[in-house]
Amino acid sequence: MVQRQYEDGIVPGRLSPGDYAQNFADLHPPLEEHEARVEADRCYFCYDAPCMHACPTSIDIPLFIREIATGNPLGSAKTIFDQNILGGMCARVCPTETLCEEACVREAAEGKPVQIGRLQRYATDAAMGEGRQFYGRAAPTGKRVAVVGAGPAGLASAHRLAMHGHDVTVYEARPKSGGLNEYGIAAYKTPENFAQAEVDYVTAIGGIAVEHGKAFGRDLSLSGLAGAFDAVFLAMGLGGVNALRAEGEEAEGVENAVDYIANLRQARDMAQLPIGRRVVVIGGGMTAIDAAVQARLLGAEEVTICYRRGREHMNASEWEQDLAASKGVAIRHWLQPKRVLAEGGKVAAVELEYTQLSGGRLTGTGETLTLKADQVFKAIGQTFEPAVLNGSGVGIALESGRIRVDGEGRTSMPKVWAGGDCIAGGDDLTVSAVAQGRDAAESIHRALMG
Amino acid sequence: MADIRSNFVGIKSPNPFWLASAPPTDKAYNVERAFREGWGGVVWKTLGEEGPPVVNVNGPRYGAIWGADRRLLGLNNIELITDRDLYLNLREIKQVKKNWPDRALVVSLMVPCEEDAWKAILPLVEETEADGIELNFGCPHGMSERGMGSAVGQVPEYVEMVVRWCKQYTRMPVITKLTPNITDVRKPARAAHAGGTDAVSLINTINSITAVDLDNFAPEPTIDGKGSHGGYCGPAVKPIALNMVAEIARDAETRGLPISGIGGVTTWRDAAEFLALGAGNVQVCTAAMTYGFKIVREMIEGLNNWMDAKGHASLDDVIGRAVPNVTDWQYLNLNYVTKAKIDQDLCIKCGRCHIACEDTSHQAITAMVDGARRFEVIEEECVGCNLCVNVCPVEGCIDMVPLAAGEMDRRTGRVVEADYANWTTHPNNPMKAAAE
């Protein structure tokens, strides 16, 4: 019995209760032991393996897979965690199709790479499932480090710093740790509250105090932290969302995709989440895909992603695009939003203009298309808000609107390191944030002990 | 269609695929099912002397090793000879032979190493009108502790003696089944030949422990905490069996002695290889025990197709064809020089050839060329050992290419000579035949 499936407007309960559970179940169910062994057996144990080089955290992939093949999943997990303490989440959310699995020689050989991500999940699940900790803390150094942001970069740095014997205080603006793992990633990629389980697993090493509800730039200042701690690691992510710059975008029903997803991730009952009957998502990245797919899973009848460039320009991987298509999302290219049409203050349609590339520049063709919509998600990228830094009275060098760091994560300011999405030159991936947090922690450690 | 009818020491069968003496041939029910699927013949599971039958363990009889997806690679067993009543077996053998006159039906025998015991059982078998007997001198477990099976097969004098008795007391063709658990398989083969055997069959199973249970530190298969060595068979033993068949086929004393090839035959190709090395037919067990009797259909079709494709009209065109090419190491041509060549279009850049060569061999394969991941053979270092070919996961990607006469071997700096030359005349050989 589906009550409100075809109701116009933004309403909850479009589906029957069982549908929600099914729709938001694990996207990739975990491998069974035998499946894992068979898949692990496909790995050729390459010399100087290309997959390792493709992994931003340089996990020794052939070794951890061989450990699975030989019935040693805990040893395998340790091999993973040595390089990436958030290996459990990365196993779930990494776009492996553009990283390790793209580099897998079996991709070259037969177009069917070893399922590295699922094997990584198999191993990390085994260790986390039994709460097996592999790392202890070194003797206390007496040094104190502040970490701003409890997302992937912050957690990775905190773990490595705690391991080296430093005392870490993590300041997190939100009520929970995890950052985008908790608030940003599609629910079906990390069901069963995995993000919090992972936070608990990482912080179990000890020496990490997390203070929630402490926003940088509001409750904390950089100069204050730099004065109070021996070192500071900035990993606060991106606070701003790009505007559509389309007429009428203030209409009711036009929302930031990241806010909607954060809300969805915190919802206890998906049936309570209102969703439009006809949803238009503007953007071409992972957030656009996550918002669009989840809109469909919540029961939206029509979901259309509109992207102003071509398929080949989308930040979302081909695999993600196919996933969206399989869930019934329409992806339309070469369309940019021009106007949000409202009725009674509520969004009723979006007027889009066709685009083209001429002489390397994107221009409108003048031709327009109007899509009926009762909900519009903006997913055209997030921005760093430098006000949180410079508003606190400290100067720190930026580059392309984000914090400039060197190869070790050092900012222009002494005692201050940065990593994750807030730094320039990144690729906005969880796994890259982990690598940056880990490497900055090593750099901090060297600096403190030098 | 090629003619794959077989005539092995006068025993005719529609194809050369027999089931070996083993659990699949223990009773009429199984054998009838096998014949319905098309098996050319069977060797009935070994009969013992009259009296209370042997008893088997009541726990696991088999152990195995597997590939990752549980593909069975090797099987071992500690089952004994038939544990059914002798006369029940004999009645069934007679009935089955009557029902299937065109199929080969050979009866395997194992009785104590005494003339009277053999003299007693042979007429009973003859009465069934079976086509022949196979002497089980092979089983390495259980029966050997009682002075039978491989305990006989390991002593050439006993082999000859028992064969002689059998030839004396029966008109049936005698096939002597040999154990591989011996240093030189030619010795019992020569003994059987001297005793007048019509043929030998080999190999029987190999002494083995398949695994150790690391929780209770017991060998597998484990019976109440203990284990015993069992007979190993299946695909894993094929290379050992091929060598032993070839050794007998090319031995001066036993050359021409018919051989029934046994050991890991799983596909038509395995069978063809045994035939090429001198086997007149093959016997199969593990493959049937793994997949059921239907596999014989693939074997029949596959052998036929291959023979048609290669223009071999009958089995005689194939049998023994590879024997002249089996030689001693000392006669291998030392002027034959090969170099590995990697097909860069097929290479998937796994690097296994490099690391195998770099770590364990001759440092003859690059990992990097001009700053890019690339695997190329360094001819100056390549000894042509073939290891890279063996570890490469891509079939046909690496080839061993012979250098032509007159070409320079860049490793040794010598020009390749056209003439054949082997170790016996090599200057480094202290035993070389004096040329002067």
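Predicted model: local features only at pLDDT ≥ 70, side-chain atom pairs only at ≥ 80, totals over all residues.
User: What makes strand 15 and strand 16 of chain B a pair?

Analyst: Two strands pair if DSSP finds at least two bridges between them, strands being DSSP runs of E of at least two residues and helices runs of H or I of at least four, numbered from the N terminus. Strand 15 (residues 259-262) and strand 16 (residues 279-284) of chain B run parallel and are joined by four bridges, so they meet that criterion. Within strand 16 of chain B, Gln283(B) is the bridge partner of Ile262(B).

User: Which strands of chain B form the closed barrel?

Analyst: Eight strands close it in the order 3-4-7-8-9-10-15-16, with parallel pairing, and the twist from one strand to the next averages 25°. Strand 10 of chain B is joined by three bridges to strand 9 (residues 174-177) of chain B and by three bridges to strand 15 of chain B. Thr176(B) stands opposite Val200(B), whereas Ser201(B) has Ser260(B) as its bridge partner in strand 15 of chain B.

User: Why are both faces of strand 10 of chain B called covered?

Analyst: A residue is buried if 20 or more other C-beta atoms, placed from the backbone, lie within 10 Å of its own, exposed if 12 or fewer, and partly exposed in between. Ala199(B) and Ser201(B) on one side, and Val200(B) and Leu202(B) on the other, are all buried, so both sides of strand 10 of chain B count as covered. Across chain B, 46% of the 436 residues count as buried.

User: How do you know that chain A and chain B touch, and which classes of residue are involved on chain A?

Analyst: Two residues are in contact if their C-beta atoms, placed from the backbone, lie within 7 Å, and 12 residues of chain A are in contact with 12 residues of chain B. Helix 2 (33-41) and helix 8 (105-110) of chain A each supply at least two residues of that side of chain A. By class, that side has nine nonpolar, no polar and three charged residues, where Ala, Val, Leu, Ile, Met, Phe, Trp, Tyr, Cys and Pro count as nonpolar, Asp, Glu, Lys and Arg as charged, and the others, Gly among them, as polar.

Definitions and conventions:
Residues numbered from 1 in each chain as written. Chains lettered and ligands numbered in written order. Axes fitted to C-alpha atoms, helices over the stretch in contact; angles between N-to-C directions.
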